[in-house]
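Work through the exercises below with the sequence and the model open. Each task is followed by a solution in steps.

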Amino acid sequence: MDNKGVLVCGEIAEGKLAPITIELLGVGRKLADELGEELSALLMGSKTGGLGQEAIAYGADKVYVAEDSLLDNYNSDAYTQVAANLCLKVLPSIMLLGHTDVGCDLAPRLNGRLGGGLAMDCLALSVDPATKLLVSTRPVFGGNAHAGMISKSARPQMATLRLKIVPPAERNDSRQGEVIPVEGKIDPSALKVKVVDRIKEEVEGVKLEDAEVVVSGGRGIGSAQNFEMLWELARVLGGTVGATRPACDDGWAPMTLQVGQTGKVVSPKLYIAVALSGAIQHIAGCLGSKYIVAINKDNEANIFSVAHFGIVADHKEILPALTAKFKELLSA
Amino acid sequence: MNIIVCVKQVLDPEIPPAKFKIDPEAKQVIPPPGVPPVISLFDERAVEAACRLKDKQGGTITVISLGPEKASEVVKHAIAMGADEGYVLQDEAFENLDSFGIAYVLGKAIQKIGGYDLVLCGRQSADWGNSQVGSILAEILGIPVITLAGDIEAVDKKLRVKRIVRDGYEVLEAPMPSLVTVSNEIGLPRLPAGVRIMIAARKQVPVWKAQDIGAESSQLDKANAHTEVTSLSVPTRKTECEIVTGDTPGQAAENLAAKLAELL
Ligand SMILES: Cc1cc2nc3c(=O)[nH]c(=O)nc-3n(C[C@H](O)[C@H](O)[C@H](O)COP(=O)(O)OP(=O)(O)OC[C@H]3O[C@@H](n4cnc5c(N)ncnc54)[C@H](O)[C@@H]3O)c2cc1C
């Protein structure tokens, strides 16, 4: 096997290294050290500025930078082409991506093209000391179980890592490394899918992923009108609202507020789960919260098995009093 | 417009966690007795997306499912929703394949069916959720792929797809044929009703074996698997939940607020 080293596929967000990239550089450094191999990173964008140097400060030995106006925003065909070509040249043993909009699309495509072995949405990555193989741990059956996966011979061994699972790498600006421009132009004839538009759907108030308090509602809320009570409580607490899939499906909350395995992963200080059962696919998105509070009329609902505090009652009898009391306490 | 939809039959993902049991030795899940398997959530939405396109454009929908013979149930469910034809891909050699193996078999069946404008898959399966068969399949078929669709339209012989991203969506345009993976944002699937249920019940669902689709045994050899599951475990979570009470629900709410205000 000629493949060697760990390659992190980085992401640039608003001119900076994306937080997931800094997390990946930390994990990648550890894996590379255990293997006694190099850690490299790939950055793609229209301008990568000093970010190559920054990736070195976060642990990379080499940073490949691909600059092209076609790489300005994520474009599946263009990114796949550049990353696949680089992999064929560098032949990494391990390739890590974030479980993000970019990684979720790019990793499976790259894997299809390179014939590697890919584990998506990983919660842990390690090197087996005996075999030196990458062991990827990922949730299966909606999080009811965890599976360990390996690739015996397919290369690269690929994984996407869930956000905020590991701490960010430490920055050390005295670290030395090499920034290497990626040669070659993108073949425009291979760009089959055209990006016509990008629409941001702004939601009022605090961003869900950044909120310190999230008040989430489920099917038991009953109507879009009742969801207003959640917004009210969230406003008083300086937080925002989340929702389960059925609540989004019914249009009570915008889809962008879905929390869970197939929605957003949040880790606020306080997660108030109202009239939602605590399905494993939902709590996958909020288990990182410091305190989980459950309000549910069914004392056997699964949400009570992960909550720190709970009230067993109809939410309509609880929310107004809860909001009023918080208002009083927080203004005091 | 001719659409092929790949659907999978899975253990009902909404069973209560207490009923979820595994065999860690075999690295398999033990299906709870009396709980019938279902069509994988996102695959059902892919069928819905296909039905909406057919409602507008006309054409045919063909459904394929790799799985046991019993997977004809989910094929029939798709036919009851509006699909026209369906096949089950079942062979001993198809059991326990990894994503590449599955994509290879689906690709062979799709090539046999031929004449398609669009291939649809769910964004991920509701059981193992490997989230990559669609993209590998597109690579095998040599057609463009768009993942995580929240809406699909056909305009002027092109596909217009809304791709869901964290803070909104992208509008993408792809030629035909292409492959699209469907996310739940597409909306709720229709409930099969009336005459469609009768049609589905009477429909023959042929079973295709490896030789029927020309799948080569070297491609199905487990020794060449790209990935392997080496362990399966159920994570333990232990949280003590303090139930907050009061003389009235309102009182309980106030007590809870007081406790939380101290922690924040
Ligand atoms: C592959 C896959 C991915 C999924 N991804 C996600 C995901 O990302 N996010 C997600 O949320 N779901 C996801 N789901 C769906 C998930 O399995 C559950 O179906 C969903 O989370 C249930 O939502 P719920 O709790 O709102 O509804 P239910 O399970 O119906 O629960 C409603 C709860 O409300 C309580 N209730 C009802 N009325 C009242 C009242 N008046 N007062 C107080 N309590 C009341 C009930 O006791 C019950 O506990 C996914 C499923 C699959 C298969």
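**Exercise 1.** Find the salt bridge that A:K185 forms, and state which parts of chain A the pair ties together.

*Solution.* Step 1: apply the rule, a side-chain nitrogen of Lys or Arg within 4 Å of a carboxyl oxygen of Asp or Glu. The partner of A:K185 is A:D68, with the closest N and O atoms 3.6 Å apart.
Step 1: Helices (H or I, at least four residues) and strands (E, at least two) are DSSP runs, numbered from the N terminus.
Step 2: Over all chains, the structure holds 34 salt bridges.

A note on the source: this is a predicted model, in which local features need pLDDT of at least 70 and side-chain atom pairs count only at pLDDT 80 or more, while totals for chains, interfaces and linings use all residues. Residues are numbered from 1 along each chain as its sequence is written, chains are lettered from A and ligands numbered from 1 in the order in which they are written, and side-chain values use heavy atoms, with hydrogens and water left out.

**Exercise 2.** Describe the interface of chain A and chain B.

*Solution.* Step 1: count contacts (heavy atoms within 4.5 Å). Chain A contributes 75 residues and chain B 73.
Step 1: list the salt bridges. The rule finds seven across this interface; one of them joins the side chains of A:D249 and B:R45 at 3.0 Å, N to O.
Step 2: look at strands, which pair if DSSP finds at least two bridges between them. Strand β18 (residues 309–312) of chain A runs parallel to β15 (residues 242–243) of chain B, joined by two bridges. A:F309 stands opposite B:E242.

**Exercise 3.** Which residues come nearest to the ligand, and why is the site shared between chains?

*Solution.* Step 1: collect residues with a heavy atom within 4 Å of the ligand. There are 30, of which A:R219, A:T244, A:T262, A:S277 and A:Q281 come nearest.
Step 1: check the chains. The surrounding residues come from chains A and B, so the site is shared.
Step 2: read off N or O pairs at the ligand. A backbone N or O atom of A:V259 is 2.8 Å from a ligand nitrogen, and one of A:A275 is 3.0 Å from a ligand oxygen. A:N296 places a polar side-chain atom 2.7 Å from an oxygen atom of the ligand.

Notes. Polar contact = N/O pair within 3.5 Å; in protein donor to acceptor, adjacent residues only side chain to side chain.
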